[in-house]
Amino acid sequence: MLLAGFLLAGAAPTAIADKVFGWVERATIEPWGVAVNAKLDSGALTSSLDARDIESFEREGEEWVRFRLKLEDTASGEAFTEKLELPLYRDLRVRGAGGRDERPVVLMKLCLGDTVYEEQFSLRDREEMNYPLLLGRRTLSHLGLLDVRETFLQRPECNEESRLREHEPDELSEGHDN
């Protein structure tokens, strides 16, 4: 019995190890498979994606957001530009050193490791930032462990058969990000 306990204890780190993420990871924006480097930031609540020409509009009585993705695919080095129109999931009020800001939030999919995650992304121009994609605590809570000493521990390897973790509304959906 004691030997079985040691064997199970020894197996646990291996089982968890495949779900450890570094503070910077490769991800792909789906469904296009555009590879980007993402900063995993436990200081942010909501994930953020680099978006340009952001404008709100109404469609059939619902609020929508029109924006343009302008990303460099880190796998190919090629520029990726796509104009999108998505339903507005919610508005986000952000307070920070630069003051207060309101941003639209949409649901989008990304691949991390072997799983596709449907997550909330606030849209803002991140051109001056080092990373076009920032993953906040809402997303991090679905991933596994975060090792802040490491980078690039997982490779995005998603395909049609990959597990999809659909967005689940949470009690933190409203309010402020700090």
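Visitor: Is R165 buried or exposed in this model?
Guide: In this predicted model, R165 is buried, with a relative accessible area of 16%.

Visitor: And which residue does the R165 side chain meet in a salt bridge?
Guide: The partner is E168, with 3.9 Å from N to O, and E168 counts as partly exposed at 48% relative accessibility.

Visitor: How far apart are the closest N and O atoms of R52 and E127?
Guide: They are 3.8 Å apart in the salt bridge of R52 with E127. R52 lies in strand β5 (residues 52–59) and E127 in the loop between β10 and β11, so this pair ties together parts that are 75 residues apart in sequence. R52 is buried at a relative accessible area of 10%, whereas E127 is partly exposed at 47%.

Visitor: How many salt bridges does a search of the whole structure find?
Guide: The search finds 11, and one of the pairs is D101 with R103, whose side chains meet at 3.1 Å, N to O. Here D101 is partly exposed, with a relative accessible area of 37%, while R103 is buried, with 13%.

Visitor: Switching to covalent links, which residues does a disulfide join?
Guide: The structure holds 1 disulfide, and it joins C111 to C158 with an S to S distance of 2.0 Å. C111 lies in strand β9 (residues 99–112) and C158 in the loop between β12 (145–147) and β13 (163–165), so the pair ties together parts that are 47 residues apart in sequence.

Visitor: What about the handedness of the C111 and C158 link?
Guide: The link is right-handed, with 85 degrees about the S-S bond. As for its two ends, C111 is buried at a relative accessible area of 0%, and C158 counts as partly exposed at 25%.

Visitor: Now the nonpolar core, which residues have the most contacts inside the largest one?
Guide: They are F67, M108, L110, L112, L133 and L135, in a core of 27 residues. Among the elements that each supply at least two residues of this core are β9, β11 (133–135) and α2 (137–143).

Visitor: What is L135 in contact with, leaving aside neighbours within four places in sequence?
Guide: Its contacts include L40, L110, L112, F121 and L140, and also K39 and D41.

Visitor: Which residues make a nonpolar surface patch?
Guide: A patch of about 250 Å² is made by W23, L146 and V148. W23 sits in the loop between β1 (20–22) and β2, and W23 counts as partly exposed at 31% relative accessibility.

Conventions:
Residues numbered from 1 in each chain as written. Predicted model: local features only at pLDDT ≥ 70, side-chain atom pairs only at ≥ 80, totals over all residues. Heavy atoms only, no water. Disulfide = S-S within 2.5 Å. Helix = DSSP H or I, 4+ residues; strand = E, 2+ residues; numbered from the N terminus. Buried < 20%, exposed > 50% of the residue type's maximum accessible area, 1.4 Å probe, protein only. Core = buried A, V, L, I, M, F, W, Y, C linked by side-chain atoms within 4.5 Å. Contact = heavy atoms within 4.5 Å. Patch = residues over 30% accessible without salt bridge, like charges linked within 9 Å, V, L, I, M, F, W, Y side chains within 5 Å. Areas by Shrake-Rupley, 256 points an atom, 1.4 Å probe, with all protein chains shown as cover. Salt bridge = Lys/Arg side-chain N within 4 Å of Asp/Glu carboxyl O.
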